[in-house]
Amino acid sequence: DKTVMACNLTLPERTVECVKDFFKDFGTVTLVRFLAPGKPYPEEIQKLGLPNWRGNPTQETIAVEFDSADAAERTVLKLSNDWRSTSKVQILRSKKKLRKNSEQCVTLAHSLQNSCNINVARSLPANNRNGSSL
């Protein structure tokens, strides 16, 4: 939850300090790990069973761990929404946590939809609540 996998970062040098400097605005970086192309992902990453992180990386990838899950999520949100950036950043989560988060999103979507339907129905004129056209 606290780790992001990053590719195509624009760094002046390939050093831990440069990576920490690149991510400093998102939170405190506690661990930086360079993953070379052609070499297997570390065992702890492969154990997560995620399809994107099996086998060998095809490009240099950097695993960046933050001090909190919020910092990792902020990083992904900010860097993923920058259309000018060539960087790719994904949060590293286990399938179990992905499933749980997906279920929470579906539950939230259903509750929002129900809430919106109720609010829309309340805002319609009384003669229009049965679905007739305006």
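Local features of the predicted model require pLDDT of at least 70 and side-chain atom pairs pLDDT 80 or more, while totals for chains, interfaces and linings use all residues. Numbering starts from 1 along each chain as its sequence is written, and side-chain values use heavy atoms, without hydrogens and water.

The protein chain holds four helices and four strands. Both are DSSP runs numbered from the N terminus (helices: H or I, at least four residues; strands: E, at least two). Their order along the sequence is β-α-β-α-β-α-β-α. Of the 134 residues, 28% are buried (under 20% relative accessible area; exposed is over 50%, partly exposed in between; 1.4 Å probe, protein chains only). Contacts are heavy atoms within 4.5 Å. Among contacts between residues at least 6 apart in sequence, 65% join residues at least 24 apart.

Helix H3 spans residues 69-80. Its 12 residues reach 16 Å from first C-alpha to last, close to the 16 Å expected at 1.5 Å a residue (1.5 Å times one less than the number of residues). Ala-71, Ala-72, Thr-75, Val-76 and Leu-79 are the buried residues of H3. They fall within an arc of 135 degrees seen down the axis, so they line one face of the helix. The arc is taken from the directions from the helix axis to the C-beta atoms. Asp-70, Leu-77 and Lys-78 are exposed on the face turned away from the buried side. Cover for the buried residues of H3 includes strand E1 (3-7), helix H1 (16-23), strand E3 (61-66) and strand E4 (88-91).

The largest nonpolar core has 17 residues. A core is a set of buried Ala, Val, Leu, Ile, Met, Phe, Trp, Tyr and Cys residues joined through side-chain atoms within 4.5 Å. Val-4, Phe-23, Val-64 and Phe-66 touch the most other members. H3 gives the most to this core, with four residues. A second, separate core of eight residues includes Ile-45, Leu-50, Trp-53 and Ala-63.

Three aromatic pairs are counted. Rings of Phe, Tyr and Trp (its six-membered ring) pair if their centres lie within 6.5 Å; planes under 30 degrees apart are stacked, over 60 edge-to-face, the rest tilted. Phe-23 and Phe-26 form a tilted pair, at 6.3 Å centre to centre and 55 degrees between the planes. Phe-23 and Phe-66 form an edge-to-face pair, at 5.9 Å and 85 degrees. This pair links helix H1 to strand E3, 43 residues apart. Phe-22, Phe-23, Phe-26 and Phe-66 form one aromatic cluster.
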